[in-house]
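My entries follow the structure.

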Amino acid sequence: PEFKAMVLHFRRSQGTLPTPQLWTKPVDELGQLMMEDFNVLQSRRTSDLDARGLGLSPALLEELCLESRSLEELFVALKDELMQQWAKAAIDNPSHPPSARLVDGFPWRLHAVRIAILQPLSGA
């Protein structure tokens with residue numbers, strides 16, 4: 001819930017589409033899976049002063065939200081961060097965060113087009 005709330009706060013729209021309309025159940029499920037992967041990394045910290053910087057801090061999420069121009073860019077940036085941290089944590093099993101493949105395989109463009117088409121229909 002905190003992840004979604006922060007994303008919706010910092011990514012208010014994507015073009016003319018309000019981000020809450022783009023935040024569908026599949027996007028929410030993908031976000032939850034990514035947070036589970038970041039929680040795995042967080043659990044690998046050895047202390048509060050762990051130099052590897054594992055996990056997703058609110059400041060990092062804010063930075064990625066502000067730098068991205070779309071939900072796709074945000075999720076790809078989060079995936080890239082996951083991959084870097086996964087390597088730092090030296091997690092072998094699985095060798096990649098489970099959510100990484102899902103981000104790559106998500107039909108972002110189709111999703112945005114579908115929402116853009118349905119948005120005017122739902123307001124009629």
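Entry 1, handedness. I looked up the crossing of H3 and H6 and found it left-handed; the term applies if the near helix is turned anticlockwise from the far one by less than a right angle, and clockwise would be right-handed. I note that this is a predicted model, in which local features need pLDDT of at least 70, side-chain atom pairs count only at pLDDT 80 or more, and totals for chains, interfaces and linings use all residues. Residues are numbered from 1 along each chain as its sequence is written, and side-chain values use heavy atoms, with hydrogens and water left out.

The axes of helix H3 (residues 25-43) and helix H6 (residues 98-105) come within 8 Å and cross at roughly 150 degrees. H3 is therefore roughly antiparallel to H6. I used axes fitted to C-alpha atoms over the stretch in contact, with angles from 0 to 180 degrees between N-to-C directions. Angles under 35 degrees count as roughly parallel, over 145 as roughly antiparallel, 65 to 115 as roughly perpendicular and the rest as oblique. In contact (heavy atoms within 4.5 Å), I listed Leu30, Leu33, Met34 and Asp37 of H3 against Pro98, Ser99, Leu102 and Val103 of H6. By class, this contact of H3 with H6 has 6 nonpolar, 1 polar and 1 charged residues. Ala, Val, Leu, Ile, Met, Phe, Trp, Tyr, Cys and Pro count as nonpolar, Asp, Glu, Lys and Arg as charged, and the others, Gly among them, as polar.

Helix H5 (residues 71-89) packs on H3 at an angle of about 20 degrees, with the axes 10 Å apart. H3 is therefore roughly parallel to H5. This crossing, too, is left-handed. Among the residues in contact are Leu30, Met34 and Phe38 of H3 and Phe75, Leu82 and Trp86 of H5. I count the contact of H3 with H5 as 12 nonpolar, 2 polar and 3 charged residues.

What is the volume of the largest pocket? I read about 350 Å³. Of its 18 lining residues, Glu2, Phe3, Met35, Leu56 and Leu61 are the closest to its centre. H3 gives the most to the lining, with 7 residues. The lining has 9 nonpolar, 6 polar and 3 charged residues. A pocket here is an open set of points on a 1 Å grid where a 1.4 Å probe fits, with protein on both sides within 12 Å along at least five of seven lines; lining residues have an atom within 4 Å of a point. Volume is the space filled by probe spheres set on the points, which are joined across faces, edges and corners.

I found 7 helices and 2 strands, as DSSP runs (helices H or I, at least four residues; strands E, at least two) numbered from the N terminus.
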